[in-house]
Amino acid sequence: MDQTETDEAQTGAPGVEASLTRHGGLTYLEIPAIEPARSAAFYETVFGWEAERRDTDDYRFRDATGHLIGRWVAGLQINVDPGFLPYMYVDRIDVAIDRAIAAGGEVVRPTYAEGELWVATVRDPA
């Protein structure tokens, strides 16, 4: 059985990877970016995402878990005051913030406790 047949057997969806077919799971994002290449480099450095350049400004990604894919899109409205705010889990928030700053990111809200977790908000450079 090849990968496509395995995926279909597990999900019933032809050509869809099993890691992406989790009922109710977030599997795809389009992230607004002024400079997709710069955003791709930032997410690779800070979160360990795999970025792939398909064309001049067409950068796709797969997160470190393999459960989320998507792309950075130039030309989408970028809001200074966000509505939807995704948060990524990291092993050591202090190290992740240092990586984000070194990669050109900006700390929007410094580290704070939220229940048992430490949280911070960081904006990517592009």
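Mentor: Start with the terms. Helices are DSSP runs of H or I with at least four residues, strands are runs of E with at least two, and both are numbered from the N terminus. Keep in mind that this is a predicted model.
Trainee: Okay. What pattern does the protein chain follow along the sequence?
Mentor: Reading along the sequence gives α-β-α-β-β-β-α-β-β. That is three helices and six strands.
Trainee: How many of the 126 residues count as buried, as a percentage?
Mentor: The buried share is 26%.
Trainee: Let's zoom in. Where is S39 found?
Mentor: In helix α2, which covers residues 36-47.
Trainee: Why does S39 count as buried?
Mentor: Because its relative accessibility is 0%, and buried means under 20%.
Trainee: Which residues does S39 touch, leaving out those up to four places away in sequence?
Mentor: A33, W72, D124 and A126. With D124 there is also a polar contact, side chain to side chain, at 3.3 Å.
Trainee: New topic. Which residues make the nonpolar surface patch?
Mentor: I101, V107 and V122 make a patch of about 200 Å².
Trainee: Where does V107 sit?
Mentor: V107 is in strand β5, residues 106-114.
Trainee: Why is V107 called partly exposed?
Mentor: Its relative accessible area is 32%.
Trainee: Last one. What share of contacts between residues at least 6 apart joins residues at least 24 apart?
Mentor: In the protein chain, 49% of them do.

Terms used
Residues numbered from 1 in each chain as written. Predicted model: local features only at pLDDT ≥ 70, side-chain atom pairs only at ≥ 80, totals over all residues. Heavy atoms only, no water. Buried < 20%, exposed > 50% of the residue type's maximum accessible area, 1.4 Å probe, protein only. Polar contact = N/O pair within 3.5 Å; in protein donor to acceptor, adjacent residues only side chain to side chain. Contact = heavy atoms within 4.5 Å. Patch = residues over 30% accessible without salt bridge, like charges linked within 9 Å, V, L, I, M, F, W, Y side chains within 5 Å. Areas by Shrake-Rupley, 256 points an atom, 1.4 Å probe, with all protein chains shown as cover. Salt bridge = Lys/Arg side-chain N within 4 Å of Asp/Glu carboxyl O.
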